[in-house]
Amino acid sequence: MTLVVDNLRVYYRTLRGDVKALDGVTFDVADGEIMGIAGESGCGKTTLGKSLIRLDGRMRVVEGTVTLDGVRMPIEDDRAMNEYRFCDVSIVPQYAMSALNPIRKIGRMISELLSARGVSYDETFPELSRRLALVGLGDDVLERYPIELSGGMKQRVVMVLSTLLNPSLLIADELTSALDVSTQKAVAEMLVEFRDRGFVKSTIVITHDLSVLYQIADTILVMYAGKLVEKAPAAELTASPKHPYTQLLLGSLPEVGVRFEEKRLTGIPGRPPSLLNPPQGCRFRARCPLAFDKCAEEPPFTEVAPGRYAACWKAAA
Amino acid sequence: MLRLDGVTKVFRTGVFGRATFTAVSDVTFHVEQGEIVSLIGESGSGKTTVGRMVLRLTRATEGAVTVDGRDVAELGRTDVRTYYGSVQGIFQDPFSSYNPVFKVDRVLGMIRANYLQGLSDADWKTKVRGSLEAVGLEQADVLGKYPHQLSGGQLQRLLIARALMLELRFLVADEIISMLDASTRIDVLNLLGDLKARGLGVLFVTHDLALGNYISDRTVILRRGRVVEMGATPKVFGSPAHPYTRMLLTSVPHLSAKWGEDEIEAPTPSSLEEAPDGPLQPIDDDHFVATRGER
């Protein structure tokens, strides 16, 4: 196992109390696995990604451990984590296009980042050049400023840069969301290629777009209101979802080929609960058509079929 | 009928506007009442500029946007008010479309103050109830609330409700569901479908092919400011003739088939680069594709 996350709880401190954005999450990612994390806004997927690399000031680890390659990560300690960032855990942030320093040439910026990790730029250069060529960029980008590159080019530069030291874990947060469909496809396929070539051991892809995950991920983890809802191999999850939330979510997605006149899709009525005071029991209960008395008790996230996990009393039955 | 005839928009850029950039070039299509036309393109294709010209937020450099034969750019002051009484726009980000210190009642009240001054209180209340019902909102859920107390889907539906209070005939919907969550976006889309049945014409601007295919009757594909393919939605999506349309369709991530397993053959990069963007020629009933040649 590359990554083991055990009962992780991360709360945001606010004046009105703790927002329980991530409330007891347990999962693992195997060597060479691309795991997709999907969910709607506010489900805790970005909080999860952030807590694996850098918590921001308002976030607090309440409980839980994160183990990467057998080493327990000091995620609650911003300074101690520094040793692992970029070398062992790396991230491609949500707006990778604006992640580059605008007043540094790309080459100089990379050189500075490497020297901060005690790595020689000149020695890394042949590998850097090879990887840039792989994503369709020439060495000349190193002599350019970020403003001279297009959005897709910047995204590719950030991807090459984040994975330059062959991290064990790469976190890609909404990597493809701001891109046009054609660029989206190219960038998503690049993630798979980087894994196949061993530039990264394992990847966590965070997105709201289940259809992109179906294309590239090995397993998909669905989250709702700070909790895990369902985990399954990508093809199985999209073909036969077990949890009512996943079923309704997939049912609300218009596929190319489905037309309003022929088949009317429906959304999920209601909205997710406030995480300031989340309800007892199953958090999807209020919107769930299958809810019954037992749902007032929290369903455990267990294996309901071989390789398939879900947190629902009905799925377990 | 909302018509665009040879509409071109040239922006001046660079120092003192010495350089020019053609955002929209010779675009011609129309939207009938009771019809949803989706305008699909990638970023920089000029799709938003087309919407803005229809709403008179920017002026066409050449060509004309007409509603029932009247050029919208030439309307006088009183005619403009009538125009906005029948054509309205809704944009991508519902969270920044509202004044954060105005309650919902006041947002709706501004419609009354501007367009419906003669209305009695009782009639106004009926109208509010009616238009909220039409978009599937409960009065108790929204009235008296500030925008931050409502969800994105509710805000977006409220904007549609606001537009519906007028004798609305055309709606420009620019990426209205891009910022909504998957579980609520389909409801807003279905709402457009229901309003279509009541005679509303919608120009649905989007980058998402699946959404355009789901809801629209006709589709216009825009590339670098030019229309490369247009026609009845099942024809454009079912038998795409232009390499660019085929490229878009083969890039869309599906839930049932992986990339590369499509029935449509992906175009080669060279055929895409050399793809024609000249005048449109009919290849079928209500199906047009760009051909080679100068416009």
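Two residues are said to be in contact here when they have heavy atoms within 4.5 Å of each other. T8(B) sits in strand β1 (residues 2-13) of chain B, where helices (H or I, at least four residues) and strands (E, at least two) are DSSP runs, numbered from the N terminus. With a relative accessible area of 11%, T8(B) is buried; buried means under 20% relative accessible area, exposed over 50%, and partly exposed in between, using a 1.4 Å probe and protein chains only.

A quick word on the model itself. This is a predicted model, in which local features need pLDDT of at least 70 and side-chain atom pairs count only at pLDDT 80 or more, while totals for chains, interfaces and linings use all residues. Residues are numbered from 1 along each chain as its sequence is written, chains are lettered from A and ligands numbered from 1 in the order in which they are written, and side-chain values use heavy atoms, with hydrogens and water left out.

Now for chain B as a whole. Its secondary structure comes to 11 helices and 12 strands. Along the principal axes, the C-alpha atoms of chain B fill a box of roughly 65 × 50 × 40 Å. A compact globule of 295 residues would have a radius of gyration near 19 Å, and the 20 Å of chain B agrees with that. That radius is taken over C-alpha atoms, and the globule rule is 2.2 Å times the number of residues to the power 0.38. Of the 295 residues in chain B, 52% count as buried. Among the contacts in chain B with a separation of 6 or more, 64% come from residues 24 or more positions apart. Chain B exposes about 13,000 Å², and carbon and sulfur atoms supply 49% of it; accessible areas come from the Shrake-Rupley method with a 1.4 Å probe, and for residues only the protein chains shown count as cover.

Helices come next. The expected span of a helix is 1.5 Å times one less than its number of residues. Because 12 of its 13 residues are buried, α6(B) is largely enclosed by the rest of the structure. The cover over those buried residues includes β6, α3, α4 (121-134), α5 (139-142), β7 (170-174) and α7 (182-197) of chain B. Over in chain A, helix α5 (residues 151-162) has 12 residues and reaches 16 Å from its first C-alpha to its last, close to the 16 Å expected. α5(A) is mostly covered too, with 10 of its 12 residues buried. Its buried residues include M159(A) and L161(A), and the elements covering the buried part include β6 (89-92), α3 (106-116), α4 (121-134), β7 (169-173) and α6 (181-196) of chain A.

M159(A) turns up again in the nonpolar cores. A nonpolar core is a set of buried Ala, Val, Leu, Ile, Met, Phe, Trp, Tyr and Cys residues joined through side-chain atoms within 4.5 Å. The largest one has 65 residues, and those with the most contacts inside it are I110(A), M159(A), L191(A), L210(A), I220(A) and Y245(A). Apart from it lies another core, of 46 residues, among them L116(B), V142(B), L189(B) and Y214(B).

A few loop residues in chain B are worth a look. P94(B) is found in the loop between β6 (87-90) and α3 (104-115), yet P94(B) is buried, at 0% relative accessibility. Sequence neighbours within four places aside, P94(B) is in contact with G152(B), L155(B), Q156(B), M179(B) and L180(B). R56(B), in the loop between α1 (47-54) and β4 (62-67), has a phi near 65 degrees, a positive value in a residue other than glycine. R56(B) is partly exposed, with a relative accessible area of 26%. R224(B), in the loop between β9 (218-223) and β10 (226-232), has a positive phi as well, near 45 degrees. At 55% relative accessibility, R224(B) counts as exposed.
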